[in-house]
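I opened this notebook to record what I looked up in one model, entry by entry.

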Amino acid sequence: MASDMNTRSGQCHCGAVRFTLALSEGFNSIRRCTCSYCRMRGAVVVMAEMGGIDILQGAEMLTSYRFHTGAAQHFFCSRCGIYTHHQRRSDQRLYAVNVACLDGISPFDFPEVPVMDGINHTSDTGKPTRRAGTLRFIPAS
């Protein structure tokens with residue numbers, strides 16, 4: 001992977017799973033989703049293209065979960081339970097990666113995060129993905 005601002009490293013909470021990734025659009029693709037799983041998980045994600053994630057350590061520790069159509073595959077560490085990334089349903093050439101797992105990055109680094117309408121998923125409606133709103137973080141003074 002090229003060494004630039006779009007190349008990042010990350011890990012799960014316990015460090016059993018370590019990875020590097022190339023962000024497809026930097027942090028311009030950051031988002032949340034309103035689908036039932038994402039709503040409960042609460043992660044802020046950023047996109048990496050297929051082949052853009054390299055699991056350096058702990059591939060055997062990753063467990064996956066699928067629901068509804070089974071198209072999206074969500075990965076998490078079987079030891080600490082942290083969601084690291086998932087293969088997207090709407091574009092299976094992309095992975096959504098949990099920004100909280102990226103070294104030196106926090107979901108609270110982003111004052112505004114677009115929230116996409118996953119309840120009315122584009123694969124179900126045939127319509128373009130709709131923005132459902134914006135998640136804002138306002139630090140206390």
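The entries below cover conventions, strands, cores, single residues and a pocket.

**Conventions**

I am working with a predicted model, in which local features need pLDDT of at least 70, side-chain atom pairs count only at pLDDT 80 or more, and totals for chains, interfaces and linings use all residues. Residues are numbered from 1 along each chain as its sequence is written, and side-chain values use heavy atoms, with hydrogens and water left out. I take helices (H or I, at least four residues) and strands (E, at least two) as DSSP runs, numbered from the N terminus. I call two strands paired if DSSP finds at least two bridges between them.

**Entry 1: the open sheet**

I looked up an open sheet of 3 strands and found the order E3-E9-E10, with mixed pairing. Its edge strands are E3 (32–33) and E10 (131–136), each of which pairs on one side only. I noted that E3 and E9 (residues 112–116) are parallel, over 2 bridges. Within that pairing, Arg-32 has Val-115 of E9 as its bridge partner. E9 and E10 run antiparallel and are joined by 5 bridges; there, Met-116 stands opposite Arg-131 of E10.

I then asked how many residues of E9 are buried. The count is 4 of 5, so the strand is mostly covered; buried means under 20% relative accessible area, exposed over 50%, and partly exposed in between (1.4 Å probe, protein chains only).

**Entry 2: pairings of E4**

I followed E4 (45–57) next. E4 pairs with E2 in the antiparallel sense over 5 bridges, with Arg-18 opposite Gln-57 of E4. E4 also runs antiparallel to E8, again through 5 bridges, and here Glu-49 stands opposite Leu-94 of E8.

**Entry 3: nonpolar cores**

I use "nonpolar core" for a set of buried Ala, Val, Leu, Ile, Met, Phe, Trp, Tyr and Cys residues joined through side-chain atoms within 4.5 Å. Which residues of the largest nonpolar core touch the most other members? Among its 23 residues, they are Val-17, Phe-19, Leu-21, Ile-53, Val-97, Val-99 and Leu-102. The elements giving two or more residues to this core are E2 (18–23), E4, E6 and E8 (94–98). Another core, of 6 residues, lies apart from it and includes Ala-43, Val-45, Met-47 and Ala-96.

I also listed the contacts of Val-99 (contact means heavy atoms within 4.5 Å). Beyond four places in sequence, Val-99 is in contact with Phe-27, Ile-30, Val-44, Val-45, Val-46, Ile-105, Pro-107 and Phe-110.

Is His-74 buried or exposed? His-74 lies in E6 (residues 73–77) and counts as buried because its relative accessibility is 2%. Its side chain makes a polar contact of 2.9 Å with that of Arg-41. By polar contact I mean a pair of N or O atoms within 3.5 Å; within protein, one must be able to donate a hydrogen and the other to accept it, and residues adjacent in sequence count only if both atoms are side-chain atoms.

The Asn-98 side chain reaches the backbone nitrogen of Ala-100 at 3.0 Å. With neighbours within four places in sequence left aside, Asn-98 is in contact with Ala-43, Val-44, Val-45, Ile-82, Tyr-83 and Thr-84.

**Entry 4: two glycines in loops**

Gly-26 sits in the loop between E2 and E3 and is buried, with a relative accessible area of 8%. Not counting residues up to four places away in sequence, Gly-26 touches Asn-6 and Val-46. Gly-26 and Val-46 are 20 residues apart along the chain, and their C-alpha atoms are separated by 7.9 Å.

Gly-104 belongs to the loop between E8 and E9 and counts as exposed, at 77% relative accessibility. From Gly-104 to Ser-9 I recorded 9.1 Å, C-alpha to C-alpha, for residues 95 apart in sequence.

**Entry 5: the largest pocket**

Which residues lie nearest the centre of the largest pocket? Of the 28 lining residues, they are Cys-33, Cys-35, Arg-89, Gly-118 and His-121. The elements that give two or more residues to the lining are E3, H1 (36–41), E4 and H2 (122–125). A pocket here is an open set of points on a 1 Å grid over the protein atoms alone, where a 1.4 Å probe fits, with protein on both sides within 12 Å along at least five of seven lines; lining residues have an atom within 4 Å of a point.
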